[in-house]
Amino acid sequence: MQNSAIEAHPAQDMAAPAVPRLERQHLHDTVVEHLRNLIVEAVLPPGTKLNERELCETMGISRTPLREALKVLAVEGLIEISPNRGASVYKMTETEIWETFEFMSGLEALAGELACERITAVEVAEIKALHYAMLACKAQGDLPGYYSRNQTIHNKINEAARNSVLHETYLSMNRRLQALRFKSNFKPEKWDSAAHDHDEMIAALDARDGKRLAAVLRQHLLDKRDAVMNMPAAPAAPAPQR
């Protein structure tokens, strides 16, 4: 049945990290992060109904930390919780995708411009190191590794803008787009183009050219939007057996 998170996705893909005897807060954070990664990497694609019992068995946890984690992800806009239907992975409409990417392109452009004014040499060096590590992942065909470093680069540029309101808004909105940003690199030519954009970002950041970095970041996000919008729709799931 497609409504079963376990049947829809092999257990080995959903196995939680082996972290024995975690404190309650650490367990909560681990479950949130694990589920978030499953959503971002499309192990749990949009529209997937989450089976609490099977998720608990797979991750070796009780329902209390799972439900707490689902509430956090619901606030982030990744999970939709219905009193009658339970929890499912939120599926954005085409309008939501279009408008959110458009909004994020402006946020990232502003962050890039401010970062060029305020970033330190140490921060630039850290971002460069992440960039080279990201390219190494690409050369190995490691999309999760590439994406993780990619997102850290974007986050660090945003942090370097030194604007707390901008940063909090960015984090909140970007959580809704992470799965789509990950998915936008599935085609080799799109992945190549995204990596080239990052070369341009590093060059602009190194030169402290805020206008150039803003333009690159804005177009980078709009290109990702277009890549996502042009993806073929996923085939409809078969009806559950009765």
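Biologist: Which residues does Leu-213 touch, not counting residues up to four places away in sequence?

Modeller: Leu-213 touches Gly-112, Cys-116, Met-201, Ala-204 and Leu-205, where contact means heavy atoms within 4.5 Å. This is a predicted model, in which local features need pLDDT of at least 70, side-chain atom pairs count only at pLDDT 80 or more, and totals for chains, interfaces and linings use all residues. Residues are numbered from 1 along each chain as its sequence is written, and side-chain values use heavy atoms, with hydrogens and water left out.

Biologist: Why is helix 6 called oblique to helix 9?

Modeller: Their axes, lines fitted to C-alpha atoms over the stretch in contact, come within 10 Å and cross at roughly 130 degrees. Angles under 35 degrees count as roughly parallel, over 145 as roughly antiparallel, 65 to 115 as roughly perpendicular and the rest as oblique; therefore helix 6 is oblique to helix 9.

Biologist: What is the class make-up of the contact of helix 6 with helix 9?

Modeller: That contact has 13 nonpolar, 3 polar and 4 charged residues.

Biologist: Which residues touch the most other members of the largest nonpolar core?

Modeller: Of its 26 residues, these are Ile-119, Ile-127, Tyr-146, Ile-153, Ile-157, Leu-205 and Leu-213. A nonpolar core is a set of buried (under 20% relative accessible area, 1.4 Å probe, protein chains only) Ala, Val, Leu, Ile, Met, Phe, Trp, Tyr and Cys residues joined through side-chain atoms within 4.5 Å. Helix 10 gives the largest share, 7 residues.

Methods
Axes fitted to C-alpha atoms, helices over the stretch in contact; angles between N-to-C directions. Helix = DSSP H or I, 4+ residues; strand = E, 2+ residues; numbered from the N terminus. Nonpolar A, V, L, I, M, F, W, Y, C, P; charged D, E, K, R; others polar. Buried < 20%, exposed > 50% of the residue type's maximum accessible area, 1.4 Å probe, protein only.
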